[in-house]
Amino acid sequence: MLSTRLTNARILTMDPSRPVAHDLGIWHGRIVGLDEAVTALPARRVVDLQGATVLPGFVDAHVHLAWTGLKAARTSITSCHAVDEVLAVVAAAATRTPDGGWVDLAGYDQRALGRHLTAAELDKVSDGRKVFLMHDSGHGCVVNTAVLDLLPSGIPHENGFLAEGAMGAARALRLPHSQQDLADAIGRAARACLAEGVTACAEAGIGGALFGHSAVELGAYQLAREQAKLPLRVQLMVAADRLHPVNAHEADGIPRALDLGLRTGFGDEWLSVGALKIYTDGGMMARTAALSSPYEGLDHAGQLQDDPELLAETIVDGHLAGWQLAVHAIGDRAADVALDAIERAQRIRPRPDARHRIEHAGLIRPEQPARFARLGVIAVVQPNFLRSFGDDYASIMGEERAPWLYRGRGFLDHGVTLVGSSDRPVTDGSPLRGVQFMVERASASGRVIGPDEGITVDEALRAYTVGGAFACRWEDSAGTLAPGKRADLVVLGDDPRSVDTSRIGAIDVVATFVDGRETEGAAL
């Protein structure tokens, strides 16, 4: 007897051998069969979907769950559009903060204010408390003098704005979050994912200086699972900061590793260790993504996180230690550094199915996709960045480079595996809105950016299902709706392939199933 049979549905399997079905049978959390293979079988529960569309559950291959949940619980200045408004919120938060405590606010973005806040301005309203305003990009912050005075000498800042490693130094001044606080935050973010049809995701970096929240952060995910706060499947990327020299046997050829040789693949179908996360540059929002020529109207081209040779050594060592690599590279110069190092690593020890990934691939020159393809590198992009920030990004890239932003067609035409993801909470996490952008290439204002990079609806859906599963090495159990696969699926109020492209992002997520059971998602 089946556990559940879904019937009267338009099931888009993403499996080319059987693209469409109307019935789907589930038993013990797995798909038993489709249509005639299950229609006559008895089932404990029969769900008439009344013509709704069913897709494999979306795989969000690049998220920050803990950060998302923590940000949702903090006071935000996102709605502020003037310096005085922000300072008023800071002043009010300072009155609620104990003496010597931290005023910690989310939602800071200098573009909404026209300029960065300064430490001196924050000093006037902080009442002696330490102020930390996290930039929405995650690649910078603004602090007041009470924080600057605690930093080690030589930490660079510009009137209180700290970027990249300097931001990490400010974060290091504070106690880490408790595992319980992190588990609660992870649970909040996971429910938001489910509400958008996401059934599996990859947490993009735990334990690191930039985005890590605790030295024992993996334990927080285990705690969340033990407390039933992890209702979707999660793969954890580990920050490369955690690599250290090891005294392994010379035959292993492992110069640096995590303790006990932990690497990609450890865990189970609910919680596992994924790629090694390596940062090569910053972000476009903070103007720290490393480009090969300056930003339009600025006198700099961003920055690498470290000396290029040191970055390359980390990439090579991670490869030699058996990791899948997830290399953060937003600018084209950073992509060069990443691709050069991956090529070097593969020469030293060939691993044809390493599935190394470049996270973001925000600005990719016309000749670079061919290198991705030749090296078998996966492109994990965030279409909603251009939907939300496209007007700004196109302006700072200029007319020639704007079409190179967050490519779609350019990758697919070269045979590169294209993966859609969100990078939540940096911007909108909805896969459907990401799909819409990948097709029409229009920002929220209607500005079309790189129209030649547009792809079909089916290709965009594959980026969030088949592509995401492949990037996370889940293709044997996720990404398509076929017998033997996990019964992880999303029910939509309409067919993304049938509605007008402009309506795809607004399609209702009617239900999300994980392990064959309907889940309860909630907006943050």
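Are Phe389 and Tyr393 buried or exposed? Phe389 is buried, as is Tyr393; buried denotes under 20% relative accessible area, exposed over 50%, and partly exposed the range in between, with a 1.4 Å probe and protein chains only. The model is predicted: local features need pLDDT of at least 70, side-chain atom pairs count only at pLDDT 80 or more, and totals for chains, interfaces and linings use all residues. Residues are numbered from 1 along each chain as its sequence is written, and side-chain values use heavy atoms, with hydrogens and water left out.

**Aromatic pairs and charges over rings**

- The structure holds four aromatic pairs; rings of Phe, Tyr and Trp (its six-membered ring) pair if their centres lie within 6.5 Å, and planes under 30 degrees apart count as stacked, over 60 as edge-to-face and the rest as tilted.
- The ring centres of Phe389 and Tyr393 are 5.9 Å apart with planes at 40°, so this pair is tilted.
- One aromatic cluster is formed by Phe385, Phe389, Tyr393 and Tyr406.
- Arg111 places its charged end over the ring of Phe389, 4.7 Å from the ring centre; the criterion is NZ of Lys or CZ of Arg within 6 Å of the ring centre and within 35 degrees of the ring normal.
- The charged end of Arg355 sits over the ring of Phe470, 3.9 Å from its centre.

**Helix α12 and its packing**

- Helix α12 (residues 383-401) contains both Phe389 and Tyr393, four residues apart, about one turn of the helix; helices (H or I, at least four residues) and strands (E, at least two) are DSSP runs, numbered from the N terminus.
- α12 packs against helix α14 (residues 431-440) at about 80°, with the axes 8 Å apart; axes are lines fitted to C-alpha atoms, for helices over the stretch in contact, and angles run from 0 to 180 degrees between N-to-C directions.
- α12 is therefore roughly perpendicular to α14 (65 to 115 degrees; under 35 is roughly parallel, over 145 roughly antiparallel, and the rest oblique).
- Pro383, Asn384, Leu386 and Arg387 of α12 meet Arg433, Gly434, Phe437 and Met438 of α14, where contact means heavy atoms within 4.5 Å.

**The six-stranded sheet**

- Six strands form an open sheet of mixed pairing in the order β3-β2-β7-β22-β23-β24; two strands pair if DSSP finds at least two bridges between them.
- The edge strands, β3 (20-21) and β24 (517-518), each pair on one side only.
- β2 (residues 10-12) and β7 (residues 53-56) are parallel over two bridges, and Arg10 stands opposite Thr53 in β7.
- β22 (residues 489-492) and β23 (residues 509-514) are antiparallel over four bridges, with Thr512 in β23 as the bridge partner of Val490.
- β23 and β24 form a hairpin with two residues between them, and Asp515 in the turn has a positive phi of about 60°.
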